Amino acid sequence: MNRLSALADIALDLTRSLGAADRYDRLLKALGRTIPYDAAALMRLEKDALTPLAASGLDPAVMGRRFRLSEHPRLDIVCRSREPVLFPPDTGLPDPFEGAIAGQTLTARIHACLGCPLYIGDDLVGMLTADAFDPQAFAGLDREFLKALSALSAAEIHTASLLDALERDAAHQGLVAGDLMRDAQLRQGVQLIGRSAPIEH
């Protein structure tokens, strides 16, 4: 699949009725068809830390971690940038996923690291990271492609967050409506005959 097709797939996912986890996993799969990574993660910024929303090629335990920017200089550098950041192999900065990448050994260490900050307008919402054992894995990537990928990834996070908020609000409104109906019934001494899902909830 070419890079344009991958971007189209990600854009189409924004219009599908998928849960947040499905959206994030599909985004990483689309990314894997265009960028030769050994591990990748989509992360949401929460105050001073990044929390993984989806990961590929990483130990499952990574999903339960919070990566404080003050403790991870690479992540901090990406968060301070408006552009994708490609770290040279000899950067000397510790990789936040060191030891958590599938297939990593003492002889197969991470050599290429890419970080894309994800913005909605002027607000940083997260980051997309990719790591590869091959030091030249990301050398030929087009910057404009990475910017477009970053914009779509940010939109995925934003859309999923909005949908989650709407679902929570709808559930809350359903509970409130149910409470109001029961209260009205008690005040008026009315007993409804029959049962239905809307009345039950």
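## The cavity and the sheet

Searching the whole structure turns up one cavity of 30 Å³ or more. Keep in mind that this is a predicted model. The space inside that largest cavity comes to about 90 Å³.

Who lines it? The lining of the largest cavity is made up of 14 residues, and the ones nearest its centre are Leu75, Phe87, Cys113, Leu114 and Thr129. If you sort the lining by class, you get nine nonpolar, two polar and three charged residues.

Now for the sheet. It is open, has six strands and runs in the order β3-β2-β1-β6-β5-β4, with antiparallel pairing. At the edges stand β3 (67–68) and β4 (85–87), and each has a single partner strand, so one side of each is left without a neighbour in the sheet. As a reminder, strands of a sheet pair through backbone hydrogen bonds, which can be parallel or antiparallel.

| Strand pair | Bridges | Residues facing each other |
|---|---|---|
| β1 and β6, antiparallel | six bridges | Ala40 and Ala130 |
| β1 and β2, antiparallel | seven bridges | Leu42 and Ala54 |
| β2 and β3, antiparallel | two bridges | Leu50 and Phe67 |

Strand β1 covers residues 39–46 and strand β6 covers residues 123–132. On its other pairing, β1 makes a hairpin with β2, and two residues sit between the two strands. One to look at in that turn is Lys47, which has a positive phi of about 60°.

How enclosed is strand β2? Strand β2 (residues 49–56) has six of its eight residues buried, so the rest of the structure largely encloses it. Buried here means under 20% relative accessible area. Within the sheet, β2 sits between β3 and β1 in the strand order, joined to β3 by two bridges and to β1 by seven bridges.

Key. Residues are numbered from 1 along each chain as its sequence is written. This is a predicted model: local features need pLDDT of at least 70, side-chain atom pairs count only at pLDDT 80 or more; totals for chains, interfaces and linings use all residues. Side-chain values use heavy atoms; hydrogens and water are left out. Two strands pair if DSSP finds at least two bridges between them. Helices (H or I, at least four residues) and strands (E, at least two) are DSSP runs, numbered from the N terminus. On a 1 Å grid over the protein atoms alone, a cavity is a set of points where a 1.4 Å probe fits but cannot get out, and a pocket is an open set with protein on both sides within 12 Å along at least five of seven lines; lining residues have an atom within 4 Å of a point. Grid points are joined across faces, edges and corners, and a volume is the space filled by probe spheres set on the points. Ala, Val, Leu, Ile, Met, Phe, Trp, Tyr, Cys and Pro count as nonpolar, Asp, Glu, Lys and Arg as charged, and the others, Gly among them, as polar. Buried means under 20% relative accessible area, exposed over 50%, partly exposed in between (1.4 Å probe, protein chains only).
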